[in-house]
Structures are given as C-alpha cells and as structure tokens.
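Let's take a friendly tour of a protein and its aromatic rings. Have the 3D view open as you read.

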Amino acid sequence: MLPNSSKNHKTLSLLISDTDNKTKIMDNLQRDEAPGSTFQKRCLKIAHLPKSCALIPFVLISIAILAWCNQDLVIGGINLLDTNVPRTTAANGLRKTESTISQHSIESSRELSHSQHAPVFSSKGGFAESDGTRQEQTRPTFYFHFGPKKTGTTTIQNTFETSRELLHSSTSYRYVGRVAKDMPGLYTAEILETSRGTKELSSVVLSHLSKGRSPIFSSERISTMLYKSDDEKEKPRIANVQSLVDSVRKKGWQVKPIVGYRRLFSWVPSYHAQRVQKVSEGLLDPQCRMSMIKWFDLHDFMWDCTSKESFVDQHPTQMLVDKLNSQLGLDDVAIVNMHRMKPEDRGDIFHQVVREVLPGVGSFLKDFDKKYSLELANTSTAKIPNYYHLVTAFAIAEGIENQSIQKIQEAASKLHRKSAEIAKMFGGEDNIPTHCFSDDQLKKLLKMSLKFEKELFPEWFAMDGTELGHRNEFQEAIDNGKFCEWDVEMMLKKKELRDLVKKTFKHQKELYW
C-alpha cells in the first residue's frame with residue numbers, strides 16, 4: 001500500500017488470493033453506504049480476494065466506484081486512478097514503461113511543466129513583478145516577442161534560430177521566425193506586411209497550437225509600427241497584426257506578448273547608433289545624423305531630430321506596453337528586465353528570456369549550455385557610428401548631404417576598415433578630438449532613466465540596492481565614454497583626413513563631380 005499525505009484521501013489495496021468472495025464485495029459495498037461508516041460514504045475496502053479472471057468485472061466496478069469517490073486504487077504499488085503514472089494496457093496486461101509512452105504524451109507533459117515567469121503587465125492592475133514562484137501552463141500558447149529595438153532582440157532571434165533543432169527535439173515549443181528568409185517554417189517580419197502573408201503565418205501558428213505545440217514569433221519591427229499607430233501608412237500593417245492575434249484567440253488559444261526592458265541611459269546611445277546606420281528609418285535632418293548630442297538635445301527640443309517617435313514622457317518599453325493594450329488588446333505582457341539576470345544566465349539575454357517566460361525548459365537549457373558558448377560582442381563595432389558621423393559631416397561640407405542610405409553605408413564601412421590609419425593621423429585613438437554630454441545633460445538623462453524605471457518596476461525599484469546599482473551603472477557608462485563621440489567637424493580640419501574621406505567617395509563620382 002502506498003502512503004498518502006492527504007488526510008481525506010483513502011487508499012484501497014486489492015490483495016488477490018481467494019476465489020469465492022463475491023458476497024464479501026457486495027456486503028462491503030452495502031456496509032460502506034450505511035450511516036456511521038468509518039470511511040467516507042461510497043468508499044470501498046476489500047482484502048484477500050481471489051486471483052481469478054472471474055473477478056475482472058468486480059474489479060472494474062470497484063474502480064468505477066472509487067473514481068466516483070475520488071479515491072486511490074493501488075495494486076502492486078501502482079495507483080490505477082493516478083493519471084500521472086504508467087498504465088497496464090487492457091489488451092495484453094503489460095505495463096508501459098516511460099520509454100514507450102507516445103511522443104504526444106511527452107509533449108503534453110512538457111506543457112504542464114513549471115517555470116519562473118517574468119513580470120507581467122495588466123491594464124487592470126498595472127505591473128506585477130515576479131515573486132520567484134513557478135507557474136503552470138496548461139495549454140499551448142502563442143508567444144509573441146515585440147522588442148522593442150535595442151533590447152537584445154537580434155540576439156534572441158539569432159539564438160532561437162541557431163538552437164532551433166535542439167528546442168524542437170527537447171520541448172513542445174516551435175520557433176517560427178524571424179531572421180532566416182530561406183529556411184522552411186521560419187518567417188521574417190515582412191510576412192505581416194500583406195494580408196496574404198498574415199494568413200499564411202496564422203495558418204502555421206494555428207497548426208502548431210492544434211498539435212499541442214507552442215509557437216514563438218519575434219519581430220521588433222512591429223514595435224515601430226505601434227509607435228507610429230497614428231501614421232496612415234502603418235494602420236494596414238497594424239490591422240494585419242491584429243488579424244493574426246484575433247485568429248489565435250478565436251480558436252481559444254492564448255497569446256502571450258513579450259517585451260524587453262533596458263535602462264534609458266543604456267538604451268539611448270545604442271538606439272541612436274542603429275538609427276544613424278539606418279538613415280532611411282529616421283534622423284531626416286543630416287545635422288542629427290552627424291551627432292548623438294544634437295540628436296538627444298536635453299535642453300531644447302528633445303528628439304526633434306527623429307521622425308515621429310518620441311520618448312520624452314515614457315520609456316520605450318512602457319510606450320510599447322500601452323500600445324499593445326490600446327491597439328491589439330493585449331494586457332498580459334511579460335517584461336524581461338535585462339538588468340535582473342541570474343548567474344546561470346551568464347549574461348545571455350536569450351537564456352534569461354527562455355528561463356523566465358517559457359515553462360518547462362530546464363532540460364533544454366542544460367543541453368543548450370553544453371552545446372553552445374556565449375560569444376562576447378566585438379567592441380570595435382560599437383564605435384562605428386563615429387564613421388557615419390564623419391561621412392555625414394564631410395557630405396554636408398561638400399553640399400551632398402542628401403544621399404541614399406546605401407551610399408552612406410558604403411563610405412562609412414570603408415572608413416571603418418581604415419580605423420588604424422585614422423588613429424595614426426592624430427597620434428593615437430585617445431588623441432582624436434571628442435565632445436561629450438554636458439553635466440546638465442547627464443543629470444537630466446539620469447533623472448529620466450530613474451523615473452522611468454520606478455514607474456515600470458515600483459516594487460523592484462524600492463528594494464535595497466536597485467537605485468544604487470542604477471546610478472553605479474550610469475557612472476560606469478560615463479567612465480567608458482558611452483556619452484562621448486568624435487568631434488567630426490574639428491577632425492575634418494585636418495587635410496590628410498579630408499583627402500582620405502574624399503578618396504573613399506571617389507568611386508561614387510555621381511555624388512559631387
């Protein structure tokens with residue numbers, strides 16, 4: 001007999017040994033229905049029954065009665081009423097071992113696994129921060145990662161793609177894109193540009209859900225759509241995203257939105273660098289492309305150099321959460337705070353997202369850690385915006401500032417490859433003229449960064465060490481020159497450099513000759 005810790009949970013032991021106890025069974029059934037029985041009503045206690053096939057009907061009746069009573073039936077150490085243990089098949093009497101359980105059963109059990117969840121946002125109750133408990137996912141879910149940009153989105157997408165086979169073989173999750181354009185089953189953000197593409201992606205997502213799998217789709221491009229929701233050009237695209245979400249919900253499946261959080265002071269230089277390198281996305285004023293400080297002017301018209309995005313009053317993550325609610329009706333948003341990684345994440349945002357948001361991935365992460373190693377970013381590429389600034393300043397001086405993104409990119413890339421030559425012109429990289437945010441600008445940036453974090457995570461922010469850690473990281477960013485850039489106008493006073501930049505443009509004669 002197996003012990004049971006529940007006070008109100010009875011256990012029945014059938015010890016088959018005799019052949020003539022039909023009367024005992026019926027007598028016990030009647031006796032246990034009588035008032036004052038020592039057991040709960042309708043509950044059966046039988047001992048020393050015969051080992052005979054003739055008792056099969058009575059055993060089946062007993063099982064039915066116990067199921068009605070919500071009791072346990074234990075035979076030979078196996079609880080036949082426990083849905084979580086291997087069963088004896090009626091056909092041949094052989095007990096299935098775990099190794100012979102169907103793949104469908106394995107995938108279903110994975111869906112019931114536990115995992116620590118990231119903080120979530122509800123339009124009714126605000127942000128709820130994780131308390132470290134592990135919650136249960138009872139049904140397949142569509143996981144929709146929205147960014148925003150510069151919160152580790154590309155790393156997350158690339159790693160999902162790289163580890164796709166391992167993810168599929170060890171879990172019930174299915175990564176369906178973004179990144180690869182030529183891999184079967186993967187889709188880029190452009191799939192949502194048309195209603196036809198949206199229907200195709202919807203069909204794939206619903207197919208996975210119907211088979212007990214949880215599809216994952218990632219696209220920070222949608223965050224840009226939502227930020228510009230008032231733009232007539234974006235409205236049809238947002239309608240496509242809404243159509244995808246609605247198609248999943250109408251079938252009764254859950255949509256779980258995921259967004260990332262990065263402290264504002266850390267996000268600003270990174271976001272500007274991307275915008276500079278993608279001139280077509282914004283920064284329409286060449287003066288803004290020439291300097292991060294001019295782009296992020298904390299004194300006058302902040303963000304005036306951008307297209308239509310403005311983060312003066314809200315952190316981009318907060319704005320995205322609000323847009324997900326107002327535009328798509330999504331209010332159960334998991335926010336992955338990249339400043340709250342655990343040691344086992346090893347500084348890897350992908351590891352953190354999977355651990356916090358996806359239930360039942362312990363085995364996958366263990367195998368992932370064995371198979372893949374974290375590669376440190378190439379820090380030299382972090383300074384590439386300076387080369388874009390340099391190219392833009394030269395183009396403005398030559399009166400050719402309104403050039404295509406391709407021409408700007410080509411010139412900046414060529415100069416980047418000549419970084420050692422440029423540094424040598426000034427007697428070393430440390431001697432290249434620079435300018436940085438003023439003290440007033442830095443104070444205001446820190447104030448905004450702290451304010452936004454307190455609004456997003458009030459409980460975490462109130463914990464000892466959170467604000468101090470924020471301030472320390474900010475000081476570290478200052479010490480590492482994150483808010484400084486080349487003084488490109490001063491640099492171009494050196495004829496040797498001007499000649500080098502001009503030579504870089506030489507093959508593009510249509511620019512100014």
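Here is a walk from the overall picture to a few ring pairs and one threonine.

This is a predicted model, where local features need pLDDT of at least 70, side-chain atom pairs count only at pLDDT 80 or more, and totals for chains, interfaces and linings use all residues. Residues are numbered from 1 along each chain as its sequence is written, and side-chain values use heavy atoms, with hydrogens and water left out.

**The overall picture**

The protein has 22 helices and 14 strands; these are DSSP runs numbered from the N terminus, with helices (H or I) of at least four residues and strands (E) of at least two. Of its 513 residues, 47% are buried. Here, buried means under 20% relative accessible area, exposed means over 50%, and partly exposed is in between (1.4 Å probe, protein chains only). Take the contacts between residues at least 6 apart in sequence: 70% of them join residues at least 24 apart. A contact means heavy atoms within 4.5 Å.

**Rings that pair up**

How many aromatic pairs does the structure hold? There are 17 aromatic pairs. Rings of Phe, Tyr and Trp (its six-membered ring) pair if their centres lie within 6.5 Å; planes under 30 degrees apart count as stacked, over 60 as edge-to-face and the rest as tilted. Two of these pairs are worth a look:

| Pair | Centre to centre | Angle between planes | Type |
|---|---|---|---|
| Tyr-143 and Tyr-173 | 5.8 Å | 70 degrees | edge-to-face |
| Tyr-261 and Phe-457 | 5.0 Å | 70 degrees | edge-to-face |

Tyr-143 sits in strand E8 (residues 141-145) and Tyr-173 in strand E9 (residues 173-175), so this pair links parts of the chain 30 residues apart. Both tyrosines, Tyr-143 and Tyr-173, are buried.

The other pair ties together parts 196 residues apart in sequence, because Tyr-261 is in strand E11 (residues 254-261) while Phe-457 is in the loop between helix H18 (439-456) and helix H19 (458-462). Tyr-261 is buried at 0% relative accessible area, and Phe-457 is buried too, at 1%.

Ring pairs also join Phe-160, Tyr-175, Phe-350, Phe-364, Phe-368 and Tyr-372 into a cluster.

**One threonine up close**

Now find Thr-151, in the loop between E8 and helix H4 (153-162). Is Thr-151 buried or exposed? Thr-151 is buried, with a relative accessible area of 3%. Leaving aside residues up to four places away in sequence, Thr-151 touches Gly-260, Tyr-261, Arg-262, Met-338 and Ile-349.
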